[in-house]
Amino acid sequence: MNAQTQSSGRFLYTASVILLCAWVIVPLYFLLINTLSSPDTVNSFPKSFVPEFDLGSLQFFAGFAGMLTALKNSILVAGMTMIMSILIGAPAGYALSRFDFPGKGLFRLLILLTRAFPLPLLALPLAVMFIRTGLDDTVFGLALVHTTLAIPFSVLITFSLFSGIPLELEEAAWTLGCTRLTAFTKVVLPLILPGITASAIFAFVISWNEVFAAAVLTIENRTLTAFLLQNLDTSPLHLKFAGGFILVVPALIFIFAVRKYLFAMWGIANR
Amino acid sequence: MAVIEIKNVAKRFGEYQALHDINLTIADQEFMVLLGASGCGKSTLLRIIAGLETATEGEVWIGGKRIDHLPPKDRGIAMVFQNYAVFPHLTVFENIGFGLRMQKLPNDEVTRRVERTAGLMHIDQLLKRYSGELSGGQRQRVAVARALAMEPDVILMDEPLSNLDALLRMEMRAELKGVLAESNTTAIYVTHDQVEAMSMADRISVMHEGRIVQAASPIDVYRDPAERFVAGFIGNPPMNFLDATPQGAGQFLVAGQSFAGPSANKPLEFAIRPEDMTLSETGLTATAKVVEPLGAHLLVTCEVEGKLFRAVLDSDLRVSMGDTLTLAPMQDRIRWFDPDTQIAVK
Amino acid sequence: MNARYLPYLLILPVTLFLCLFFLYPFILVAQQAFSVDGGWSLKNFEDVIGYWKFPISFQNTMLLAAAVVPVQLALALLMATMVNRMKKGRDLILYVWTIPLGISDLAAGIIWLAIFEQSGFLNSMMQAVGAIDRPTNFLSYQNPGIVFLAIALAEIWRATAIMLVILVAGIGLIPKEYYEAAEVFGASPWKRFTRVTLPLLRPSLQTALVLRVILAFEIFAVVAALGGTLFPVLMGETYAYQFDLLNNGAAAAMALIILAISIAFTLIIMRALRVPKGATI
């Protein structure tokens, strides 16, 4: 009796795990079918539940006017965001983890505030400011806004990463002949590099996925998300699906690459 | 030559005064232990000498040179940390050679020194390993070897053995003492473990609430505590205390018994170590409360005039709970303290 | 020594950056929202709130948040506890469950469009089992309930992962001994969950809820992909003011309204889930 309830509980558990996995994967699979089907199939009914491995939709996507430029813009913006958010954010993360200084509380508040703010809304006044400074409709201008989005995360994540490196290691390096700078480059940096890479990738994904600010701030130099959003009403289904697929692929790879750090990063960013 | 002079060093963290006006001179090649409970300021003092912390006031001199304004790397010190601080991304070889590489020594000199110190610490078989593949004891050896390889004037150790298990700690204690004696360096060693302090030190500085209470050889600290705090801190179990009333002419009444004491004509505290008493016909009357046979001897916790009083007796004796004992203190081991100033009275 | 100034030097870049691209534009939005033709005025707010679409888009946003966030919380808690007792395959399962974390709201909208559109997979499945003869157009004005459901499902599908990650990290911080102690004192698994896990998880729950609720009020691209103009929401209206109606003042006022709602809910959640001082792990 007891063994029976235990095994049925076991079954229920396994079944729910599989069900929840299916819940995540099946919609992605549907998108994959549509992407790997010819435009005609995509618009036909009923749908087959196996892909026909036709690259017609993807070819159409690649040939669609402006699409490849949008893809290139997306990569550029995300790449710049990644570099800027780490270069600007990591020093602050280091300062938070290593020093107690007057104003630290205020600074943390500023960082948390940005996270609690509907940031894409700032794109509205920035549009005006950018027109004045000639940054409007440029890849760099958008990257600046996306960096604002990514910075709270990069500060908090690098803060937690640096906190994971015992101060004792740095102190040992100082007593062994290092300055603050050489102790950082010889000891802290090699230990932190994988984590920094993960948080850089995180910043990349934030920028890559951002829709609202991208749509507001770019007109000619649209990113992929902005381009797709703008053409939602008019573009044919197979274009939407192929575009959606291209949007998803890097995300899949990135999440896989940073999976080890995802939890460590959030564990401390919590506090 | 590396004499260390600490002159009027004080340290405040905001409102909290961690160190009060510390003055201490440590002779060349001396093994000095800073002993105290956690929070007494011993680690802070060590870190000020290392340059990891800045003193609020005072000066630190090493080898006749004032160094308190210098960064750690320019002080001629090496340090062993409590958690060893072995760099996880470097092999044992590169860990030991880290400081030498920073000094840009030629490769063959680095190899020579690394191999010599690794041999000294018996880790020459581990040179290619990473810290993740080492046991706690092995990491400890790497940390010491790394400090020794620097051939420093002064070696600073912050509770280096506290993370090892008891048996390993005893083994490392003896080994460390031997290695350091041969290296001719001045050593400052921080610990809260009095056995470690007694067994290793040339001199012990007992610290309490940010002050050095007594700095003397281990046997002096044990036999002649300068303050009541030291008497109650050193020794396991520590000294017993009883109130003493003056009877004039250097005589004091303690628990109904008369003892010869200092000439001071005021109430004092009588102190005696638990092992400095024998069972006798005349002496202090004590009621046994707890009897603990510890093998080598018998620890009896008693009450004398309603006060807790411990005696360490011969293990052959038969003592049971509730027995009345007459304990005779050895006259030359009795110490006296002034209850107002807490200082020893001769 | 320079050690006293070093931390300030290190936080200087972020501070400057945030002042320029966060505080400054924020002030500009506020200014724009509260002024008409250069003078101080509440007219923008009156216009925005008085517009016929405002009540419906406000209601839609709120309803969506109310429907989505509790489901996400329950689902994330369930998944987190399941992962917690998993021995083998934990990493793989976690990877699968966190995939949506990297997927943009626009892509999520498109993914669920593939299911709900007229020639999509839902219709195909229903036809395959013989439930319908001809595909129905789910995402039309005749089926407002299904439009809402599609958007809610897409949101739940996409954004549960962020809560999951925060909660898994939070559960990881709770020492195992507490559960063992509770078990020794006779607590059932359910009691262990409600009496040990939930209270100790409060800081993580706080973070997860605040983040999720704020993002729920910003919902935009999922709606655009699935509902288009059928389902107006606050953020979509803001976008429309800026681009279709070219009314910057109104867009700014909308932005501030969304901000006010976000702040109000943040405060409510922080208050409801506050941790007594000293009661942390």
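Let's start at one residue pair: Ile204(B) sits opposite Ala216(B), which belongs to strand S10(B). Strands here are DSSP E runs of at least two residues, helices are H or I runs of at least four, and both are numbered from the N terminus. What we're looking at is a predicted model, where local features need pLDDT of at least 70, side-chain atom pairs count only at pLDDT 80 or more, and totals for chains, interfaces and linings use all residues. Residues are numbered from 1 along each chain as its sequence is written, while chains are lettered from A and ligands numbered from 1 in the order in which they are written.

Back to our pair. Strand S9 of chain B, residues 203-208, runs antiparallel to S10(B), joined over five bridges; two strands pair if DSSP finds at least two bridges between them. Both strands sit in an open sheet of six strands in chain B, ordered S6-S7-S8-S3-S9-S10, with mixed pairing. Which strands stand at the edges? They are S6 (77-80) and S10 (211-216) of chain B, and each has a single partner strand, so one side of each lacks a neighbour in the sheet. On average, neighbouring strands of this sheet are turned by 20 degrees against each other, direction ignored.

Helix H4 of chain B, residues 136-149, packs on that sheet and touches S6 and S7 (154-158), with its direction at about 180 degrees to that of S6(B). For those angles, axes are lines fitted to C-alpha atoms, for helices over the stretch in contact, and values run from 0 to 180 degrees between N-to-C directions.

Zooming out, chain B has eight helices and 20 strands, and its C-alpha atoms fill a box of roughly 75 × 45 × 35 Å along the principal axes. Of its 346 residues, 42% are buried, that is, with 20 or more other C-beta atoms within 10 Å of their own, C-beta atoms being placed from the backbone.

Now to the other chains.

Notes. Two residues are in contact if their C-beta atoms, placed from the backbone, lie within 7 Å. A residue is buried if 20 or more other C-beta atoms lie within 10 Å of its own, exposed if 12 or fewer, and partly exposed in between; C-beta atoms are placed from the backbone.
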